[in-house]
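Here is a short report for a reader who is new to this structure. Look over the sequence and the model first, then read on.

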Amino acid sequence: MTDSNVAAHYLAPAEASLRSAGLAVTVVVLPPGESSKTLARAAELYDRFLNGGIDRGSVVVALGGGVVTDLAGFAAATYMRGVAWVAVSTTLLGQVDASVGGKTAVDHPQCKNLIGAFHQPAAVLADVATLATLPEEELRTGLAEVVKHAVIRDAALFEMLERDAARILARDPAVLEDVVARNVRIKAAVVMADERESGLRRILNYGHTVGHAIESLAMQASGPAMTHGRAVALGMVAEAGIAERRGLVGRAVVERQRRLLERFGLPVSAAGLDLERCLEVMRHDKKAEAGRLVFVLPESIGAVRVANDVTDDEVREAILSLA
Ligand SMILES: NC(=O)c1ccc[n+]([C@@H]2O[C@H](COP(=O)([O-])OP(=O)(O)OC[C@H]3O[C@@H](n4cnc5c(N)ncnc54)[C@H](O)[C@@H]3O)[C@@H](O)[C@H]2O)c1
Ligand SMILES: [Zn+2]
């Protein structure tokens with residue numbers, strides 16, 4: 001399973017490789033983009049699996065970014081109560097985040113990732129050579145998650161990102177391989193400690209409490225185009241600001257994070273964003289979470305704490321500080 005963008009670059013070699021190993025292959029190519037992550041598409045896949053003779057002994061190979069791996073993983077989790085799947089990840093976000101951890105899902109019209117299952121892939125392959133063809137904006141989205149991982153867990157990675165930013169942006173495969181490997185280790189360690197997100201796994205949501213509000217606002221409104229990575233970058237700036245005002249973290253750390261995000265072409269202020277409406281979305285999210293928004297707040301580069309006592313005033317100040 002792949003999408004048409006990825007198929008144009010990598011389907012032929014992937015298919016040839018599977019066939020040369022003596023495997024029978026059924027190819028499914030989906031339209032690219034989040035709009036493919038639906039139950040309707042999953043239902044189409046079940047038809048294709050059935051007609052293609054896929055059974056418990058088959059393996060679903062997802063070749064693509066997070067959309068393809070989430071959808072293929074979900075279809076694999078549910079078809080015949082679960083068939084094996086392998087993630088072959090071709091976006092930076094997929095390699096450092098979406099393909100690791102076993103969360104699979106499709107979207108509900110009203111809520112992203114609402115319908116899903118935990119279903120670990122049998123293997124995850126990340127070939128950084130595929131990142132050569134990735135659109136610039138998609139690289140940036142992945143880099144936002146990379147910065148997030150460094151801030152929550154790994155000061156040495158943060159220093160490496162500062163030092164090697166130019167080589168990363170130039171997509172030097174040797175550096176990218178190191179970046180991906182370090183990030184997989186971080187995410188895998190967190191998920192292994194807490195697969196079902198009852199505790200530690202929540203730290204992966206750093207930047208995402210505010211980021212989610214910014215993203216959903218951009219989706220509803222005719223505001224500035226907003227990728228997930230850009231929203232998370234703004235979310236990290238806002239949430240680090242909460243930590244700074246609480247005296248949890250010094251200004252120098254907040255500034256270092258800001259400089260690294262800027263270096264990677266990610267936004268650190270939200271010109272054109274309707275911050276009052278963003279606050280409304282936050283209030284709405286808070287209601288949906290039974291009155292409790294969980295924030296992940298940095299204490300230094302490499303360490304965070306989880307707080308569920310952030311006040312409305314603090315949230316307001318954090319959002320307005322993005323102006
Ligand atoms: N399961 C998880 O734990 C988890 C974690 C984070 C994100 N996600 C999900 O991941 C999805 C986003 O993933 P994504 O950012 O990889 O998006 P994506 O899969 O849509 O890929 C982004 C774009 O890049 C194209 N593309 C992919 N690889 C390419 C390559 N090598 N060269 C050229 N073009 C290429 C795709 O066709 C697409 O247009 C979201 O649906 C999100 O919910 C899941
Ligand atoms: Zn994210």
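## A histidine and a loop

The side chain of His119 reaches the backbone oxygen of Val83, at 2.8 Å. The model is a predicted one. His119 sits in the loop between strand 6 and strand 7 (123-126). His119 counts as buried, because its relative accessibility is 18% and buried means under 20%.

Met80 is not a glycine, yet its phi is positive, about 50 degrees. Arg81, also a residue other than glycine, has a positive phi near 60 degrees.

Met80 lies in the loop between helix 3 and strand 4 (84-89). Arg81 has its place in the loop between helix 3 and strand 4 too. Buried or exposed? Arg81 counts as exposed, at 77% relative accessibility. Met80 is partly exposed, with a relative accessible area of 37%.

## The zinc site

Which residues hold the zinc ion (ligand 2) as protein donors? They are Glu145 through OE, His208 through NE2 and His228 through NE2. These donors lie 2.0 to 2.1 Å from the zinc ion. Their spacing in sequence is E-x62-H-x19-H.

Glu145 belongs to helix 5 (residues 136-153) and His208 to helix 8 (residues 208-220), so this pair ties together parts that are 63 residues apart in sequence. Glu145 is buried, and His208 is buried as well.

## Around ligand 1

How many residues surround ligand 1? There are 25, and the closest are Asp3, Glu34, Gly66, Thr91 and Thr133. By type, the shell around ligand 1 divides into eight nonpolar, eight polar and nine charged residues.

Several side chains meet oxygen atoms of ligand 1. Asp3 brings a polar side-chain atom to 2.7 Å from an oxygen atom of ligand 1. For Lys37, a polar side-chain atom lies 2.8 Å from an oxygen atom of the ligand. In the side chain of Asn113, an N or O atom is 3.3 Å from an oxygen atom of ligand 1. On its own, ligand 1 has 870 Å² of accessible area, and the protein covers 87% of that area.

## Salt bridges

The structure holds 24 salt bridges. Some of them join into a network, which links Glu34, Lys37, Asp70, Asp107 and Lys112.

## Links made by helix 12

Glu314 forms a salt bridge with Arg246, and their closest N and O atoms are 2.6 Å apart. Glu314 lies in helix 12 (residues 312-320), while Arg246 lies in the loop between helix 9 (228-245) and helix 10 (251-263), so the pair ties together parts that are 68 residues apart in sequence. Glu314 is buried, with a relative accessible area of 18%. Arg246 counts as partly exposed, at 30% relative accessibility.

Now take the links to helix 11. The side chains of Arg316 and Glu276 meet in a salt bridge, 3.1 Å from N to O. Arg316 is in helix 12 and Glu276 in helix 11 (residues 275-288), so this pair ties together parts that are 40 residues apart in sequence. Arg316 is partly exposed, with a relative accessible area of 33%. Glu276 counts as partly exposed at 38% relative accessibility. Asp312 forms a salt bridge with Lys286, with 2.7 Å between the closest N and O atoms. Asp312 lies in helix 12 and Lys286 in helix 11, so the pair ties together parts that are 26 residues apart in sequence. Asp312 counts as partly exposed, at 46% relative accessibility. Lys286 is partly exposed, with a relative accessible area of 24%.

Key
Residues are numbered from 1 along each chain as its sequence is written. Chains are lettered from A and ligands numbered from 1 in the order in which they are written. This is a predicted model: local features need pLDDT of at least 70, side-chain atom pairs count only at pLDDT 80 or more; totals for chains, interfaces and linings use all residues. Side-chain values use heavy atoms; hydrogens and water are left out. Donors are N, O and S atoms within 2.8 Å of the metal (3.2 Å for Na, K and Ca); water is not among the atoms, so sites may look incomplete. Helices (H or I, at least four residues) and strands (E, at least two) are DSSP runs, numbered from the N terminus. Buried means under 20% relative accessible area, exposed over 50%, partly exposed in between (1.4 Å probe, protein chains only). A residue is near a molecule or strand if one of its heavy atoms lies within 4 Å of it. A polar contact is a pair of N or O atoms within 3.5 Å; within protein, one must be able to donate a hydrogen and the other to accept it, and residues adjacent in sequence count only if both atoms are side-chain atoms. Accessible areas come from the Shrake-Rupley method with a 1.4 Å probe; for residues, only the protein chains shown count as cover. Ala, Val, Leu, Ile, Met, Phe, Trp, Tyr, Cys and Pro count as nonpolar, Asp, Glu, Lys and Arg as charged, and the others, Gly among them, as polar. A salt bridge is a side-chain nitrogen of Lys or Arg within 4 Å of a carboxyl oxygen of Asp or Glu.
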